Amino acid sequence: MTLDACVVTIGAFDGVHRGHQELLRQTIAAARRRGVPAVVYTFDPPPKVYFGQAEPLISLREKLERIATFAPDHVIVADFNEIYVRRSAADFLAELQRLQPCEVIVGEDFRFGSCKGGTAQLLRQHFDTRILPPVRCGNGEIVSSSRIRSLRRSGLATAASALENWRDIVTASPANRSGLVQLEVINP
C-alpha cells in the first residue's frame, strides 16, 4: 500500500486491550485533525505467538473486528512468518516510508526488525513519532497482553476482562462504531 499521507499506529494489538485502545484513539484523533487517513499496522500471528512465547488472546478475525470499532481508514496485517522475521529495522523503515506518515504513534515498548533492533527512538529519527506511555490499571500496574494472560491463567477472568475493556465498547451506541475499513495483508 502506498499513501500520500497518513497517521499510523503499529503493534501486535493482541487482545486490543485498554492500552491498545488508547493507541487507536490517539491515532484516529490525530488523523482526523490532520485530514489524512488513519492506518493501523499489525501482525498475524503476533510476534510473541510466532516465537512460542505466548498463546494468542483472540483470533485475527476478532482482532480485526475490535480494531474496526475505532473506525480506522486502513488496517495492514503483516504476515509474520519466517521471511518477515528476518527483515531488518531498515527494511521496516523503508516499508513504512511508502505510507508517508505525517505522524507515527506507538507505545514506549515498541520494537521492530530482526532481533528487535529497531526502537521507538529509531522511528523518531525518521518520522514524526509520538511515543505514548503505558496505560495503567487502578493499582498502577501496566495493562498488557502478558498481564491479561497471567490473570486468565490464575482464574481471574473478571480482572482480565476489565483490562480488555470490551464490555463498555460493545455496548457503545452504533453511531460510535465504524463501518467498513480497507484491509491489506502484506506477504513478504
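Tutor: A contact here means heavy atoms within 4.5 Å. This is a predicted model, in which local features need pLDDT of at least 70 and side-chain atom pairs count only at pLDDT 80 or more, whereas totals for chains, interfaces and linings use all residues. Residues are numbered from 1 along each chain as its sequence is written, and side-chain values use heavy atoms, with hydrogens and water left out.

Student: OK, what does leucine 99 touch, leaving out residues up to four places away in sequence?

Tutor: Leucine 99 touches Met1, Leu3, Ala5, Cys6, Val8, Val39 and Ile76.

Student: And which residues touch the most other members of the largest nonpolar core?

Tutor: They are Val8, Ile10, Tyr41, Leu96, Leu99 and Leu123, in a core of 26 residues. A nonpolar core is a set of buried Ala, Val, Leu, Ile, Met, Phe, Trp, Tyr and Cys residues joined through side-chain atoms within 4.5 Å, where buried means under 20% relative accessible area, exposed over 50% and partly exposed in between, with a 1.4 Å probe and protein chains only.

Student: Which elements give two or more residues to this core?

Tutor: Those are β1 (6-10), β2 (38-44), β3 (74-79), α4 (89-97), β4 (101-107) and α5 (120-126), and α4 supplies the largest share, four residues. Helices (H or I, at least four residues) and strands (E, at least two) are DSSP runs, numbered from the N terminus. A second, separate core of 20 residues includes Val16, Ala30, Ala31 and Val36.

Student: Switching to rings, how many aromatic pairs are there?

Tutor: The structure holds 10; rings of Phe, Tyr and Trp (its six-membered ring) pair if their centres lie within 6.5 Å, and planes under 30 degrees apart count as stacked, over 60 as edge-to-face and the rest as tilted. Tyrosine 41 and phenylalanine 43 form an edge-to-face pair, 5.5 Å centre to centre with 65° between the planes, and both of these residues are buried. Phenylalanine 51 and phenylalanine 80 are also paired edge-to-face, at 6.0 Å centre to centre and 80° between the planes.

Student: Why does the pair of phenylalanine 51 and phenylalanine 80 tie together separate parts?

Tutor: Phenylalanine 51 lies in the loop between α2 (47-50) and α3 (60-68), while phenylalanine 80 lies in the loop between β3 and α4, so the pair joins parts that are 29 residues apart in sequence.

Student: Is phenylalanine 80 buried or exposed?

Tutor: Phenylalanine 80 is buried, with a relative accessible area of 10%, whereas phenylalanine 51, at 48% relative accessibility, counts as partly exposed.
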